[in-house]
Amino acid sequence: MESLDQLLIQASARIDEADDLEILASLESELVGKKSFIASTRRGLGRLPSEERPIVGAQVHEVQTRLQQLIDDRRAVLQREAEDRLLEQDRVDVTIEGYEPPVGMHHLLTQTVDEVVDIFTSLGYRVASGPEVELGWYNFDALNTPPTHPSRLESDTLYVEYGDSSDEMLLRTHTSPMQARYMEKHDPPVYVVVPGRTFRADALDATHSPVFFQIEGLAVDEDITFGDLKGTLAHFAREFFGSERKIRLLPHFFPFTEPSAEMHVSCFACDGSGCRVCSGSGWIELMGCGMVDPNVLEAVGYDPQRLSGFAFGMGAERIAMVRHGVNHIKHFYENDLRVLRQFS
Ligand code: PHE
């Protein structure tokens, strides 16, 4: 009887100290399980004198009931604590500040090309593209450029060897070959712009790159005049650089246009009075242009008696550099995000 009383006192302290469910479970089997002191005492009751049996029996029952109760209470406490811990881990704190997902953007060159193309498609122009590896015929001959022309030298043009084909193959030096390709495939009238990559045997410096981007324009119809060319380019300059811009056309030479001109836009930074952007002249050179040479129309089977047209070609990096004050062409190809992000 004394052992039972002591058991109750010691056990209740241990039950109180059990701080997880596993410890409590092994304590339970130790205290009230089949091999416990309680169980063996209960089994030994039969060996007691009959007058002690009910007294000890009642006491065993009492101690077992109390222990079981203490264990069950403790288990309930531990289970609730475990649930609380889970709930705490699962808690969503809706007050924590979110993060802004990074948003991508188009490369400055893509933005520039898209903008130029948009200006011309708004006027009804189509958009076309052509091969970067080109035949000498389209890059030069069909464009009224004779075999002896200096631009055909290997110091200017990058040639491509292709099997034992006798056709002259090269990386196109401008987007103008698409003038010929487009007219070959389409009946007049033609109003088309052609953005695309072009290649020249140039070393990289602030304004030159062996790979660059051009945007070609071609309009061929009945009664197209030099005035149409001038009005179209003036419209482009105002759309791209601002409504105050004026243009001027200076005589120039290209084999595939006659007359040819160099188009300048009045400086948007100083409005023509002269500044660093325009190197003091008040004007910025933007592109080459001219009236399509009748020989080019003839080369593609168009009738130069009935049709006339104008063409122009601009460097996409160049116009982006002028407009955004980019001071080296390499910034378009290095893809330094610190640079590109300035044009988002
Ligand atoms: N293809 C010329 C160049 O690359 C530009 C140009 C295009 C000039 C169309 C006249 C007409 O310099």
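The largest pocket of this predicted model is lined by 50 residues, and of these Arg200, Gln214, Glu285, Gly315 and Arg318 lie nearest its centre. Two or more lining residues come from each of the strands β5 (211-221), β6 (247-254), β7 (257-266), β8 (283-292) and β9 (308-315), and from the helix α10 (316-324). Among these elements, β8 gives the largest share of the lining, with seven residues. The space inside the largest pocket amounts to about 1,300 Å³. When the lining residues are sorted by class, 22 are polar, 19 are nonpolar and nine are charged.

**The ligand and its surroundings**

Where does the ligand sit? The ligand sits in the largest pocket, and the elements that give two or more residues to the shell around the ligand are β5, β8 and β9. The largest share of that shell comes from β9, which provides three residues, whereas the largest share of the lining of the pocket comes from β8. Altogether 14 residues surround the ligand, and the closest are His174, Ser176, Arg200, Gln214 and Gly313. By class, the shell holds seven polar, five nonpolar and two charged residues.

The table below sets out contacts between the ligand and side chains.

| Residue | Ligand atom | Side-chain atom | Distance |
|---|---|---|---|
| His174 | nitrogen | N or O | 3.0 Å |
| Ser176 | nitrogen | N or O | 2.9 Å |
| Arg200 | oxygen | N or O | 2.9 Å |

How much of the accessible area of the ligand does the protein cover? On its own the ligand has 330 Å² of accessible area, and the protein covers 90% of it.

**Backbone features**

Most peptide bonds are trans, and most residues other than glycine have a negative phi. Against this background, a few places in the backbone deserve a careful look. A cis peptide bond joins Pro188 and Pro189, with an omega of about 0°, and Pro189 belongs to the loop between α7 (177-185) and β4 (190-199). Another cis peptide bond joins Glu258 and Pro259, where omega is about -5°; Pro259 lies in strand β7, an element that also gives two or more residues to the lining of the largest pocket.

How values were computed: Residues numbered from 1 in each chain as written. Predicted model: local features only at pLDDT ≥ 70, side-chain atom pairs only at ≥ 80, totals over all residues. Heavy atoms only, no water. 1 Å grid on protein atoms, 1.4 Å probe; cavity = no way out; pocket = protein on both sides within 12 Å on 5 of 7 lines; lining within 4 Å. Points joined across faces, edges and corners; volume = space filled by probe spheres on them. Helix = DSSP H or I, 4+ residues; strand = E, 2+ residues; numbered from the N terminus. Nonpolar A, V, L, I, M, F, W, Y, C, P; charged D, E, K, R; others polar. Near = heavy atom within 4 Å. Polar contact = N/O pair within 3.5 Å; in protein donor to acceptor, adjacent residues only side chain to side chain. Areas by Shrake-Rupley, 256 points an atom, 1.4 Å probe, with all protein chains shown as cover. Sits in = over half its atoms within 2 Å of the grid points.
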